[in-house]
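Here is a short briefing on one protein model. Keep the sequence and the 3D view open as you read.

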Amino acid sequence: FFFGLMYRVLRTSQCQSGQRLQLKRLACRGITTTYQEAWRKSIEDPTTFWAEHAKNVHWFEPYTKVLDSSDAPFYKWFPGGKFNTCYNALDIHVEQGRGDKLAVIYDSPLTNTLQKITYKQLLEQVQRFAGALQAHGIGKGDRVVIYLPMVPQAFVAMLACARIGAVHSV
């Protein structure tokens, strides 16, 4: 909201150029301050920082602690916890009623292609490709190399691998 408002304000002709420059500086300072504050918190108290952010993730099995440092320097973050990246990226949005919202806008000036994909459509494509991978014997822990340009099918393949637990390299 704030940045959309700032954009509209900066584009209006009612604003004098000096005022525009000042508003741009304020907008940029807001972004920088937010990033710097988050970075500072992550460095000063990483356990609390990541525990707070872990609340935004759906866990199939809860973790026992945020950081296990008993075998330093081989730290373990969120030991015992299980989540699925694909579920957190797609399924949760569909389940919470946002399936018809846009998940991807693919705009290629090279091929003059504009493609809009909703969460529901993307989930269906990912499920279909994950099933195809499994039909070829690929499963948890297997390795998959994805060799595609940056097209929607590339992240369908990546999410399908994450869905079934296959390690992928792009």
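Which residue follows H6, and is its phi positive or negative? The residue is Gly165, and its phi is positive, near 85°. This is a predicted model, in which local features need pLDDT of at least 70 and side-chain atom pairs count only at pLDDT 80 or more, while totals for chains, interfaces and linings use all residues. Residues are numbered from 1 along each chain as its sequence is written, and side-chain values use heavy atoms, with hydrogens and water left out.

**Helix H6**

- H6 covers residues 152-164, which makes 13 residues. Helices (H or I, at least four residues) and strands (E, at least two) are DSSP runs, numbered from the N terminus.
- From first C-alpha to last, H6 reaches 19 Å, close to the expected 18 Å. The expected span is 1.5 Å times one less than the number of residues.
- H6 is largely enclosed by the rest of the structure, because 10 of its 13 residues are buried. Buried means under 20% relative accessible area, exposed over 50%, and partly exposed in between (1.4 Å probe, protein chains only).
- Among the buried residues of H6 are Phe155, Met158, Leu159 and Ile164.
- The buried residues of H6 pack against several elements, including helix H4 (85-95), helix H5 (119-135) and strand S3 (102-108). Contact here means heavy atoms within 4.5 Å.

- The structure holds 5 salt bridges. Each one is a side-chain nitrogen of Lys or Arg within 4 Å of a carboxyl oxygen of Asp or Glu.
- Asp91 and Arg163 form one of them, at 2.8 Å from N to O. Asp91 lies in H4 and Arg163 in H6, so the pair ties together parts that are 72 residues apart in sequence.
- Asp91 is buried, at 8% relative accessible area. Arg163 is partly exposed, at 23%.

- Salt bridges that share partners join Glu37, Arg40, Lys41 and Glu44 into one network.
- Arg40 bridges to Glu37, with the closest N and O atoms 2.4 Å apart. Both lie in helix H2 (residues 17-44), 3 residues apart, about one turn of the helix.
- Lys41 also bridges to Glu37, with the closest N and O atoms 4.0 Å apart. Lys41 and Glu37 are 4 residues apart in H2, so about one helical turn separates them.
- An α-helix has 3.6 residues a turn, so residues three or four places apart point the same way.
- Arg40 is partly exposed at 31% relative accessibility, Glu37 is partly exposed at 33%, and Lys41 is partly exposed at 44%.
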